[in-house]
Amino acid sequence: MKLIDNWKHAWKLKSVQVGAISAFFYVLMYAAFELLWLFGSNFPQFWAAVPQEVKELLPHSWVLWLGFLNNVLSIFARLRAQPDLHEQPLGFVTVTAGHSNMDPGAVNGRMKESDFVVTIRNALAYYLHEAGVQVKTDGVGTQNDPLSSAVKLIKGSSVSLEVHMNAAANKSAVGIETISLPKDKLLAQKISKAVQTVTGSKLRGDNGWIDQSKSARGKLAFVENGGLILEVGFISNDAEANLIQSKAWLIAKEISKVLIEHDKKAL
């Protein structure tokens, strides 16, 4: 094969430059697609697991772009073919986060209950969607609507769960409990045990179940309307709070299995 006379300076030719640029972008797009395919569905879990302290160390522009990427990849993960999904759609489940954007709930230093429970709610919604379950939530992303809005979502759902964190003056207090009406005792115990499989914390009350009528909190609107309230652990206990924060997605995954099983039986 004979080359042109000035082939050593071919990089100066516009046609060669355009071809090289096109090839570069083709490789870049192909690599991006492969990364999306391999890691796209896992990025939301990775980003949610990053401690808030680490996020605060990142430049603000990085956090904005990574948050945007998280939303895009969440959509991609939902569109990606899932061969293990249920063939028939299930019913719908309500999952809400305790307190609201205006009410942080219990606070331990820089840790806020509302931040913890939003992360677990979002993770639960993700896993339920992946299993083909229709989900109603009291917000998307960092949105956390007040209790009055959450209660309205309960009607018609096969199961409704609101996530909270407990707190006590005694910083050594630990444990998991799910508050419900007596009719939901077994489900409440299963939910608490699902959390225990991840955190290893003790089950409070009756094997993880607290009868609302015997709760020091008295009547709770969410429970009175047919829902269950999960207290994942104690935010006032530094060790338990940090463990829950680091394993939020694993906790949600185990809870989702219980909710999916219950939703199937409710059809």
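**Strands, confidence and contacts**

Student: Do strand 6 and strand 7 pair in the parallel or the antiparallel sense?
Tutor: Three bridges link strand 6 with strand 7 (residues 209–211). Strands (E, at least two residues) and helices (H or I, at least four) are DSSP runs numbered from the N terminus, and two strands pair if DSSP finds at least two bridges between them. The sense of this pairing is parallel.

Student: What level of pLDDT do local features need here?
Tutor: Residues are numbered from 1 along each chain as its sequence is written, and side-chain values use heavy atoms, with hydrogens and water left out. This is a predicted model, in which totals for chains, interfaces and linings use all residues, side-chain atom pairs count only at pLDDT 80 or more, and local features need pLDDT of at least 70.

Student: What is the mean pLDDT of the protein chain?
Tutor: pLDDT is the predictor's confidence in each residue, from 0 to 100. In the protein chain, 65% of residues reach 70 or more. The mean is 80.

Student: Which element has the lowest mean pLDDT?
Tutor: The protein chain has ten helices and eight strands. Among these elements, strand 8 (residues 228–234) has the highest mean, 98, while the lowest, 53, belongs to helix 1 (residues 14–39). Where pLDDT is low, the predicted coordinates should not be read in detail. The element asked for is helix 1.

Student: How many residues of helix 5 are buried?
Tutor: Helix 5 (residues 113–130) reaches 26 Å from its first C-alpha to its last, close to the 26 Å expected at 1.5 Å a residue. The expected span is 1.5 Å times one less than the number of residues. Helix 5 is mostly covered, and of its 18 residues the buried ones number 14.

Student: Which residue of helix 10 forms an aromatic pair with Tyr126?
Tutor: Rings of Phe, Tyr and Trp (its six-membered ring) pair if their centres lie within 6.5 Å; planes under 30 degrees apart count as stacked, over 60 as edge-to-face and the rest as tilted. The whole structure has three aromatic pairs; in one of them, Tyr126 and Tyr127 are edge-to-face at 5.4 Å centre to centre and 75 degrees. Another edge-to-face pair has 5.4 Å between the centres and 65 degrees between the planes. It links distant parts of the chain, 123 residues apart, from Tyr126 in helix 5 to helix 10 (residues 248–266), where the partner is Trp249.

Student: Why does Trp249 count as buried?
Tutor: Tyr126, Tyr127 and Trp249 form one aromatic cluster. Tyr126 counts as buried because its relative accessibility is 13%. Trp249 also counts as buried because its relative accessibility is 11%.

Student: Which backbone nitrogen does the side chain of Asp138 reach?
Tutor: Asp138 lies in the loop between strand 4 (134–137) and helix 6 (147–152). It is buried, because its relative accessible area is 1%. Contact means heavy atoms within 4.5 Å, and beyond four places in sequence the contacts of Asp138 include Val95, Thr96 and Arg121. At 3.1 Å, its side chain reaches the backbone nitrogen of Ala97.

Student: How far apart in space are Lys202 and Val174, C-alpha to C-alpha?
Tutor: Lys202 is in the loop between helix 7 (185–199) and strand 7, and counts as partly exposed because its relative accessibility is 49%. Its contacts beyond four places in sequence are Val174, Gly175, Ile176 and Gln196. Lys202 and Val174 are 28 residues apart in sequence, and their C-alpha distance is 7.1 Å.

Key
Buried means under 20% relative accessible area, exposed over 50%, partly exposed in between (1.4 Å probe, protein chains only). A polar contact is a pair of N or O atoms within 3.5 Å; within protein, one must be able to donate a hydrogen and the other to accept it, and residues adjacent in sequence count only if both atoms are side-chain atoms.
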